[in-house]
Amino acid sequence: MAYPSTQTDDLKPYCEKLSVLPEGGVSFLMMENLRLPAGCQPAMCDALLCPVAKDGYPSRLYLSVQVASTYTRNWNCSNARIGERNWFAFSWRVDLPNPTLPQLLIAHLNGFAKEK
Amino acid sequence: MKAHIKMTGELHAAMLKDLTRRHPFARERVGFVFGRLCSLSDGGRLVLLTRYHSIPDDQYVKDHTVGARIGSTAMTWAMQAVYHGRLAREGIFHIHLHGHRGETGMSATDGREIPRLIPGFQSVGRDAGHGIIILSLDHGCGWVWVPESTEPAHVDCISVIGSPIGVFERRRTE
Amino acid sequence: MSKDRYSRQSFLGANSEELISRCTVGVPGLGGGGSHIVQQLAHIGFQRYVLYDYDVVEESNLNRLVGANLTDALAETPKLHLAKKMIYGLQPKASILGIPFKWQDKPEPLRECQIVLGCVDSYKTREELEIICRRYLMHYIDIGMDVHGKDKPVIGGQIIQSSPGGPCMRCMGFLTDEKLAAEAALYGNAGHRPQVIWPNGVLASTAVGLAVDLVTNWTGRSRTHAYLAYDGNEGTVRESLTLRNLAIKECPHFPLHEVGDPVLVEL
């Protein structure tokens with residue numbers, strides 16, 4: 001699946017490198033060293049944005065480490081194997097009608113910055 | 001270093017079918033098959049063959065001293081294919097068939113002629129593995145040059161992941 | 001050792017013993033299903049194994065863990081040790097790479113296999129195993145069972161063969177987003193899945209039968225895929241109805257150009 005460059009260009013400022021990773025019929029967006037919101041430990045890590053429905057969520061943000069943040073999260077996905085790496089994700093449902101990729105990313109990052 | 005080549009049954013069948021076809025003047029047919037290099041757990045290498053290119057009849061050159069000789073058009077195509085495969089670290093393997101059953105190996109001519117192609121492939125596809133595969137009707141052997149190596153690794157096993165599975169192992173003579 | 005050892009399976013073909021001995025099989029998970037599978041593979045003559053399990057024998061396993069006894073439960077014998085003992089007892093020259101971790105933590109050894117027999121307990125793990133098998137060109141044979149309903153229990157299960165180039169578990173209608181979502185929603189609350197030995201035996205035996213056929217082609221069927229549904233109440237194993245409308249010639253989920261290590265396309 002090809003993503004519009006108008007949207008992917010707006011993802012680039014959030015990370016050091018942005019790539020597409022196709023696997024199992026899904027095109028993940030791989031963000032190397034994604035900058036996480038203030039209060040997160042570590043401050044940055046690799047991330048995979050899955051903009052399509054997966055594992056019961058309309059979209060999902062996977063992280064290379066389990067990130068500590070201001071709000072305690074339910075890390076209900078550990079060692080998900082994608083692209084020959086292991087990933088973590090916490091329970092955070094983003095229900096936006098037809099979001100752009102940057103909107104989606106911000107909504108997922110709000111999982112660290114907002115209580116609900 | 002351990003080296004293993006894998007291919008699907010479909011690819012193996014397609015290559016056998018093509019390589020057993022008669023050529024108007026060459027005694028053998030040759031082709032190029034592309035493969036991706038990955039690691040094995042003990043430092044070994046695995047090559048996963050992906051696609052086959054049959055060399056058109058008119059890209060052979062008449063040379064009665066060898067089983068088959070391909071011309072510059074075929075080589076140019078091969079180099080361009082290696083160039084385009086760099087992102088996927090896809091390397092190229094010269095492949096041909098010895099039309100007998102059982103284990104096979106490089107003839108003296110094979111050993112003299114084919115390895116000469118490898119440095120050129122390496123210069124274009126530096127991060128890929130390139131090499132040589134020789135099939136028999138029911139077996140096969142291979143050599144892989146991993147990136148930056150001047151000497152090949154002799155392939156220990158070629159697996160055909162089809163139905164049935166084929167496992168062509170090199171019998172160690174040392 | 002007598003030459004008669006494999007004489008009763010000579011119908012598998014003249015070279016079957018050699019073909020079987022050359023094949024490397026991976027078995028991630030040595031519990032109720034995996035222990036059956038390993039036992040049968042060893043009996044038949046498989047010599048090369050890549051095995052994964054990080055768990056130990058517990059009393060609750062004894063209703064189904066083939067090869068385990070009371071002492072193993074008391075001693076908390078690693079399941080991996082049990083499997084190796086079973087194999088070596090039948091095939092003393094076997095080559096076994098035993099990994100006491102989750103396969104996801106050390107996946108590289110699996111790449112050497114021609115066949116992987118998955119005996120795992122989640123749809124997610126099945127999906128991940130299939131992905132690695134497609135990436136590194138391995139036949140994947142999956143088994144699983146479940147029991148539904150409290151008042152009138154119904155035992156169901158599956159034996160699936162997913163092979164590179166052929167239809168995958170999604171194509172065959174087994175893996176669906178709905179199943180994965182429902183499983184994800186139960187995370188941490190799944191509880192213990194019902195498990196009993198005889199359905200495991202049926203599933204494991206059928207899986208081993210598929211594996212032997214892949215190696216020897218004794219049936220001449222040259223299967224590119226399989227989805228067999230087990231009805232534990234009726235005692236039947238039948239081709240799944242979802243295959244009747246399978247019109248897929250090339251799997252759209254795992255195109256062959258995506259084999260090998262992941263390729264990241266920078267944007």
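This is a predicted model: local features need pLDDT of at least 70, side-chain atom pairs count only at pLDDT 80 or more; totals for chains, interfaces and linings use all residues.
As a whole, the model scores ipTM 0.94 and pTM 0.94. For chain C, the mean pLDDT comes out at 93, with 97% of the residues at 70 or more.

Of the 116 residues in chain A, 34% are buried. As for contacts within chain A between residues at least 6 apart in sequence, 38% of them link residues at least 24 apart.

Zooming in on chain A, strands β5 (residues 77-82) and β6 (residues 85-89) pair up in the antiparallel sense, with 4 bridges between them. One of the residues involved is A:Ile82, whose bridge partner in β6(A) is A:Arg85. The hairpin made by β5(A) and β6(A) leaves 2 residues between the strands, and here A:Gly83 adopts a positive phi near 60°.

Chain A also meets chain C, in a contact that draws 20 residues from chain A and 21 residues from chain C. On the chain C side, the elements giving two or more residues are α5 (123-135), α6 (177-185) and β9 (265-266). The largest share comes from α6(C), with 5 residues. By type, the chain C side that touches chain A splits into 12 nonpolar, 6 charged and 3 polar residues. Strands take part across the two chains as well: β1 (residues 17-23) of chain A runs antiparallel to β9(C), and 2 bridges join them. Within this pairing, A:Val20 has C:Val265 as its bridge partner in β9(C).

Over in chain B, helix α1 (residues 9-19) has a set of buried residues, namely B:Gly9, B:Leu11, B:His12, B:Met15 and B:Leu19. Looking down the axis of α1(B), these buried residues fall within an arc of 165°, so they line one face of the helix. What they pack against is a series of strands from chain B: β1 (3-8), β2 (30-39), β3 (45-54), β4 (90-97), β5 (130-135) and β8 (157-161).

Methods. Residues are numbered from 1 along each chain as its sequence is written. Chains are lettered from A and ligands numbered from 1 in the order in which they are written. Two strands pair if DSSP finds at least two bridges between them. Two residues are in contact if their C-beta atoms, placed from the backbone, lie within 7 Å. Ala, Val, Leu, Ile, Met, Phe, Trp, Tyr, Cys and Pro count as nonpolar, Asp, Glu, Lys and Arg as charged, and the others, Gly among them, as polar. pLDDT is the predictor's confidence in each residue, from 0 to 100. A residue is buried if 20 or more other C-beta atoms lie within 10 Å of its own, exposed if 12 or fewer, and partly exposed in between; C-beta atoms are placed from the backbone. The arc is that of the directions from the helix axis to the C-beta atoms.
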